[in-house]
Amino acid sequence: MNDEHYFKFTPSVWIVPALLLLMIWSVFFVERSFGVDLSNHGIMPRTFSGLQGVVFSPFLHGDLNHIANNSIPLFILTTALIYFYRAVSLKVLTYGILLSGIITWIIGRNSFHIGASSLIYVLVSFIFFKGLMTQYYRLMALSLTVVMLYGGMIWYVFPEIDKQISWEGHLAGLISGFAFAIHYKTPDYVKATQFPWEHPDFNPEEDMFMKHFDENGNFVNTPEPEEESEEPVNPNQIPYFYTFKENKEEEN
(Lines give C-alpha, C1' and ligand atoms only; values in the text may rest on other atoms or scores of the structure.)
Protein backbone atom coordinates (compact mmCIF):
# COMPACT_ATOMS: atom_id res chain seq x y z
CA MET A 1 0.00 0.00 0.00
CA ASN A 2 1.43 3.40 -0.91
CA ASP A 3 2.35 6.07 1.61
CA GLU A 4 -0.65 8.25 0.75
CA HIS A 5 -2.73 5.88 2.88
CA TYR A 6 -0.65 6.69 5.98
CA PHE A 7 0.37 10.33 5.55
CA LYS A 8 -2.84 12.34 5.67
CA PHE A 9 -3.45 15.71 7.23
CA THR A 10 -6.49 15.53 9.49
CA PRO A 11 -7.70 17.88 12.26
CA SER A 12 -6.15 15.62 14.90
CA VAL A 13 -2.69 16.56 13.60
CA TRP A 14 -3.00 20.00 15.17
CA ILE A 15 -5.87 19.53 17.64
CA VAL A 16 -3.99 17.07 19.88
CA PRO A 17 -0.86 19.29 20.18
CA ALA A 18 -3.10 22.31 20.76
CA LEU A 19 -5.00 20.54 23.56
CA LEU A 20 -1.75 19.44 25.14
CA LEU A 21 -0.46 23.01 25.19
CA LEU A 22 -3.81 24.26 26.45
CA MET A 23 -3.56 21.95 29.46
CA ILE A 24 0.01 23.04 30.19
CA TRP A 25 -0.76 26.74 29.94
CA SER A 26 -3.97 26.35 31.96
CA VAL A 27 -2.01 24.91 34.87
CA PHE A 28 0.54 27.71 34.59
CA PHE A 29 -2.24 30.31 34.48
CA VAL A 30 -3.84 28.89 37.62
CA GLU A 31 -0.50 28.98 39.45
CA ARG A 32 0.18 32.60 38.54
CA SER A 33 -3.39 33.83 39.00
CA PHE A 34 -3.99 32.31 42.43
CA GLY A 35 -0.42 32.31 43.73
CA VAL A 36 -0.29 28.53 43.93
CA ASP A 37 2.99 26.65 43.71
CA LEU A 38 2.43 23.16 42.31
CA SER A 39 6.09 22.29 41.82
CA ASN A 40 5.93 20.01 44.86
CA HIS A 41 3.80 17.71 42.70
CA GLY A 42 6.76 17.11 40.40
CA ILE A 43 9.04 14.09 40.45
CA MET A 44 10.92 13.62 43.71
CA PRO A 45 13.27 10.72 42.99
CA ARG A 46 13.09 7.55 45.06
CA THR A 47 10.22 8.70 47.25
CA PHE A 48 6.73 7.27 47.23
CA SER A 49 5.06 10.67 47.12
CA GLY A 50 7.39 11.69 44.29
CA LEU A 51 5.82 9.11 42.00
CA GLN A 52 2.88 11.44 41.41
CA GLY A 53 5.25 13.61 39.40
CA VAL A 54 5.57 10.88 36.79
CA VAL A 55 2.13 11.97 35.60
CA PHE A 56 2.03 15.62 36.68
CA SER A 57 5.55 16.89 35.97
CA PRO A 58 5.11 17.54 32.19
CA PHE A 59 2.32 20.00 33.02
CA LEU A 60 4.31 21.99 35.61
CA HIS A 61 6.78 24.78 34.81
CA GLY A 62 8.83 27.09 36.97
CA ASP A 63 8.44 30.39 35.13
CA LEU A 64 7.30 32.02 31.90
CA ASN A 65 10.63 31.49 30.18
CA HIS A 66 10.54 27.79 31.05
CA ILE A 67 7.08 27.15 29.64
CA ALA A 68 7.65 29.35 26.56
CA ASN A 69 10.84 27.49 25.62
CA ASN A 70 9.03 24.16 25.83
CA SER A 71 5.80 25.14 24.06
CA ILE A 72 7.03 25.67 20.49
CA PRO A 73 9.14 22.48 20.13
CA LEU A 74 6.44 20.46 21.88
CA PHE A 75 3.80 21.64 19.41
CA ILE A 76 6.01 21.09 16.34
CA LEU A 77 7.25 17.66 17.37
CA THR A 78 3.82 16.41 18.45
CA THR A 79 2.37 17.55 15.14
CA ALA A 80 5.12 15.72 13.23
CA LEU A 81 4.61 12.61 15.36
CA ILE A 82 0.87 12.43 14.67
CA TYR A 83 1.21 13.15 10.95
CA PHE A 84 4.03 10.70 10.20
CA TYR A 85 3.45 8.08 12.93
CA ARG A 86 -0.31 8.27 13.46
CA ALA A 87 -0.76 4.61 14.42
CA VAL A 88 1.61 4.79 17.40
CA SER A 89 1.48 8.50 18.21
CA LEU A 90 -0.78 8.30 21.28
CA LYS A 91 1.23 5.38 22.65
CA VAL A 92 4.48 7.29 22.26
CA LEU A 93 2.99 10.34 23.99
CA THR A 94 1.35 8.45 26.86
CA TYR A 95 4.02 5.86 27.52
CA GLY A 96 6.71 8.45 26.86
CA ILE A 97 5.48 10.55 29.77
CA LEU A 98 5.31 7.49 32.04
CA LEU A 99 8.59 5.80 31.10
CA SER A 100 10.69 8.96 31.07
CA GLY A 101 9.14 9.93 34.39
CA ILE A 102 9.95 6.59 35.99
CA ILE A 103 13.54 6.68 34.74
CA THR A 104 13.89 10.21 36.11
CA TRP A 105 12.45 9.01 39.44
CA ILE A 106 15.15 6.32 39.54
CA ILE A 107 18.24 8.29 38.47
CA GLY A 108 17.35 11.88 39.38
CA ARG A 109 18.83 14.15 42.02
CA ASN A 110 16.98 14.79 45.26
CA SER A 111 14.98 17.76 44.00
CA PHE A 112 11.69 18.29 42.24
CA HIS A 113 11.87 17.64 38.49
CA ILE A 114 9.22 19.47 36.46
CA GLY A 115 8.61 20.51 32.86
CA ALA A 116 7.69 19.04 29.49
CA SER A 117 11.30 18.86 28.34
CA SER A 118 11.44 15.12 29.10
CA LEU A 119 8.56 14.54 26.69
CA ILE A 120 10.27 16.74 24.10
CA TYR A 121 13.37 14.54 24.31
CA VAL A 122 11.15 11.47 23.90
CA LEU A 123 9.75 12.91 20.67
CA VAL A 124 13.12 14.04 19.30
CA SER A 125 14.69 10.67 20.04
CA PHE A 126 11.82 8.62 18.65
CA ILE A 127 11.42 10.62 15.43
CA PHE A 128 15.16 10.67 14.77
CA PHE A 129 15.95 7.01 15.41
CA LYS A 130 12.74 5.66 13.89
CA GLY A 131 13.30 7.57 10.66
CA LEU A 132 16.78 6.08 10.31
CA MET A 133 15.50 2.58 11.05
CA THR A 134 12.75 2.68 8.43
CA GLN A 135 15.16 3.72 5.63
CA TYR A 136 12.17 5.44 4.04
CA TYR A 137 12.98 8.68 2.31
CA ARG A 138 10.23 10.81 3.87
CA LEU A 139 10.91 9.67 7.42
CA MET A 140 14.67 9.96 6.97
CA ALA A 141 14.18 13.52 5.74
CA LEU A 142 12.13 14.18 8.87
CA SER A 143 14.95 12.77 11.01
CA LEU A 144 17.47 15.09 9.37
CA THR A 145 15.13 18.04 9.88
CA VAL A 146 14.85 17.21 13.58
CA VAL A 147 18.64 17.04 13.83
CA MET A 148 19.01 20.46 12.20
CA LEU A 149 16.38 22.05 14.44
CA TYR A 150 17.02 20.34 17.76
CA GLY A 151 20.36 18.58 17.43
CA GLY A 152 21.93 20.96 19.94
CA MET A 153 19.67 19.54 22.63
CA ILE A 154 21.93 16.50 22.90
CA TRP A 155 24.35 18.47 25.09
CA TYR A 156 21.74 18.91 27.80
CA VAL A 157 21.70 15.22 28.67
CA PHE A 158 25.10 15.66 30.35
CA PRO A 159 25.27 16.78 34.00
CA GLU A 160 27.89 19.51 33.80
CA ILE A 161 26.33 21.62 31.01
CA ASP A 162 23.70 23.39 33.12
CA LYS A 163 23.11 22.40 36.71
CA GLN A 164 19.84 24.36 36.81
CA ILE A 165 18.10 21.98 34.41
CA SER A 166 16.99 18.39 34.87
CA TRP A 167 19.54 16.63 32.70
CA GLU A 168 18.26 13.39 34.21
CA GLY A 169 14.83 14.05 32.69
CA HIS A 170 16.42 14.82 29.32
CA LEU A 171 18.46 11.63 29.41
CA ALA A 172 15.38 9.66 30.45
CA GLY A 173 13.46 11.07 27.51
CA LEU A 174 16.28 10.24 25.09
CA ILE A 175 16.42 6.64 26.33
CA SER A 176 12.63 6.26 26.22
CA GLY A 177 12.35 7.56 22.65
CA PHE A 178 15.09 5.22 21.48
CA ALA A 179 13.37 2.27 23.15
CA PHE A 180 10.06 3.12 21.47
CA ALA A 181 11.77 3.45 18.08
CA ILE A 182 12.98 -0.14 18.45
CA HIS A 183 9.77 -1.52 19.92
CA TYR A 184 7.08 0.00 17.70
CA LYS A 185 6.93 -1.25 14.14
CA THR A 186 5.95 0.85 11.16
CA PRO A 187 4.33 -0.34 7.91
CA ASP A 188 6.35 -1.14 4.82
CA TYR A 189 5.84 2.17 3.10
CA VAL A 190 5.63 2.13 -0.68
CA LYS A 191 6.12 5.28 -2.67
CA ALA A 192 3.15 6.16 -4.86
CA THR A 193 3.91 5.34 -8.51
CA GLN A 194 3.98 8.40 -10.75
CA PHE A 195 5.76 7.11 -13.86
CA PRO A 196 5.25 4.00 -16.02
CA TRP A 197 8.68 2.56 -15.19
CA GLU A 198 7.82 2.52 -11.47
CA HIS A 199 5.16 -0.15 -11.97
CA PRO A 200 6.28 -3.70 -11.16
CA ASP A 201 4.98 -5.05 -14.48
CA PHE A 202 6.90 -2.49 -16.56
CA ASN A 203 8.57 -4.06 -19.60
CA PRO A 204 11.34 -1.84 -21.05
CA GLU A 205 11.32 -3.77 -24.32
CA GLU A 206 7.80 -2.57 -25.03
CA ASP A 207 8.38 1.04 -23.99
CA MET A 208 8.83 3.43 -26.93
CA PHE A 209 11.36 5.57 -25.07
CA MET A 210 13.50 2.63 -23.92
CA LYS A 211 13.70 1.34 -27.46
CA HIS A 212 16.00 4.26 -28.23
CA PHE A 213 18.77 2.65 -26.14
CA ASP A 214 20.86 -0.41 -27.01
CA GLU A 215 22.01 -3.10 -24.60
CA ASN A 216 24.99 -0.90 -23.54
CA GLY A 217 22.81 2.08 -22.72
CA ASN A 218 23.79 4.06 -25.80
CA PHE A 219 21.19 6.22 -27.47
CA VAL A 220 20.29 5.05 -30.95
CA ASN A 221 17.76 6.18 -33.47
CA THR A 222 15.16 3.58 -34.08
CA PRO A 223 14.21 3.08 -37.75
CA GLU A 224 11.02 4.76 -38.67
CA PRO A 225 8.31 2.37 -39.81
CA GLU A 226 7.89 2.26 -43.58
CA GLU A 227 4.72 3.77 -44.85
CA GLU A 228 2.65 1.45 -46.92
CA SER A 229 1.83 3.19 -50.19
CA GLU A 230 -1.15 2.06 -52.20
CA GLU A 231 -0.29 1.95 -55.90
CA PRO A 232 -3.08 2.93 -58.28
CA VAL A 233 -4.67 -0.04 -59.98
CA ASN A 234 -4.56 -0.08 -63.80
CA PRO A 235 -7.93 -1.23 -65.16
CA ASN A 236 -6.17 -2.84 -68.12
CA GLN A 237 -4.28 -5.15 -65.79
CA ILE A 238 -7.38 -6.55 -64.17
CA PRO A 239 -7.95 -10.09 -65.47
CA TYR A 240 -11.43 -11.08 -66.60
CA PHE A 241 -12.66 -14.67 -66.85
CA TYR A 242 -15.65 -15.71 -69.01
CA THR A 243 -17.68 -18.85 -68.54
CA PHE A 244 -19.93 -19.99 -71.43
CA LYS A 245 -23.35 -21.18 -70.38
CA GLU A 246 -25.88 -22.63 -72.86
CA ASN A 247 -29.45 -21.38 -72.92
CA LYS A 248 -31.50 -24.58 -72.84
CA GLU A 249 -34.81 -22.77 -73.48
CA GLU A 250 -33.67 -21.78 -77.02
CA GLU A 251 -32.87 -25.46 -77.84
CA ASN A 252 -36.36 -26.48 -76.93
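This is a predicted model: local features need pLDDT of at least 70, side-chain atom pairs count only at pLDDT 80 or more; totals for chains, interfaces and linings use all residues.
1. Helices H4 and H5. Helix H4 spans residues 86-107 and helix H5 spans residues 117-134. The two pack at an angle of about 125°, and their axes lie 9 Å apart. That angle makes H4 oblique to H5, and the crossing of the pair is right-handed.

2. The contact between H4 and H5. On the H4 side, the contact is made by Val88, Val92, Leu93, Gly96, Ile97, Ser100 and Thr104. H5 contributes Ser118, Leu119, Val122, Leu123 and Phe126. By class, the residues of this contact comprise eight nonpolar, four polar and no charged.

3. Helices H3 and H4. Helix H3 covers residues 64-84. The axes of H3 and H4 come within 6 Å and cross at roughly 140°. An angle over 145 degrees would count as roughly antiparallel; H3 and H4 are therefore oblique to each other.

4. The contact between H3 and H4. From H3, the residues involved are Thr78, Leu81, Ile82 and Phe84. They meet Arg86, Ser89, Val92 and Leu93 in H4. The residues of this contact divide into five nonpolar, two polar and one charged. Val92 and Leu93 of H4 are listed in the contact with H3 and also in the contact with H5.

5. Ser118. This residue lies in helix H5 and is among those that form the contact with H4. Ser118 has a relative accessible area of 15% and is therefore buried, since the cut-off for that class is under 20%. The side chain of Ser118 reaches the backbone oxygen of Gly169 at 3.2 Å. Leaving aside residues up to four places away in sequence, Ser118 touches Ser100, Thr104, Gly169, His170 and Gly173. Of these neighbours, Ser100 and Thr104 belong to the H4 side of the helix contact.

6. Thr134. This residue is also found in helix H5, whose range is residues 117-134. With a relative accessibility of 21%, Thr134 counts as partly exposed. The side chain of Thr134 reaches the backbone oxygen of Gly131 at 2.9 Å. Residues up to four places away in sequence being set aside, Thr134 touches Leu139 and Thr186. Thr134 and Pro187 are 53 residues apart in sequence, and their C-alpha atoms are 9.0 Å apart in space.

Note on methods. Residues are numbered from 1 along each chain as its sequence is written. Side-chain values use heavy atoms; hydrogens and water are left out. Axes are lines fitted to C-alpha atoms, for helices over the stretch in contact, and angles run from 0 to 180 degrees between N-to-C directions. Helices (H or I, at least four residues) and strands (E, at least two) are DSSP runs, numbered from the N terminus. Angles under 35 degrees count as roughly parallel, over 145 as roughly antiparallel, 65 to 115 as roughly perpendicular and the rest as oblique. A crossing is left-handed if the near helix is turned anticlockwise from the far one by less than a right angle, and right-handed if clockwise. Contact means heavy atoms within 4.5 Å. Ala, Val, Leu, Ile, Met, Phe, Trp, Tyr, Cys and Pro count as nonpolar, Asp, Glu, Lys and Arg as charged, and the others, Gly among them, as polar. Buried means under 20% relative accessible area, exposed over 50%, partly exposed in between (1.4 Å probe, protein chains only). A polar contact is a pair of N or O atoms within 3.5 Å; within protein, one must be able to donate a hydrogen and the other to accept it, and residues adjacent in sequence count only if both atoms are side-chain atoms.
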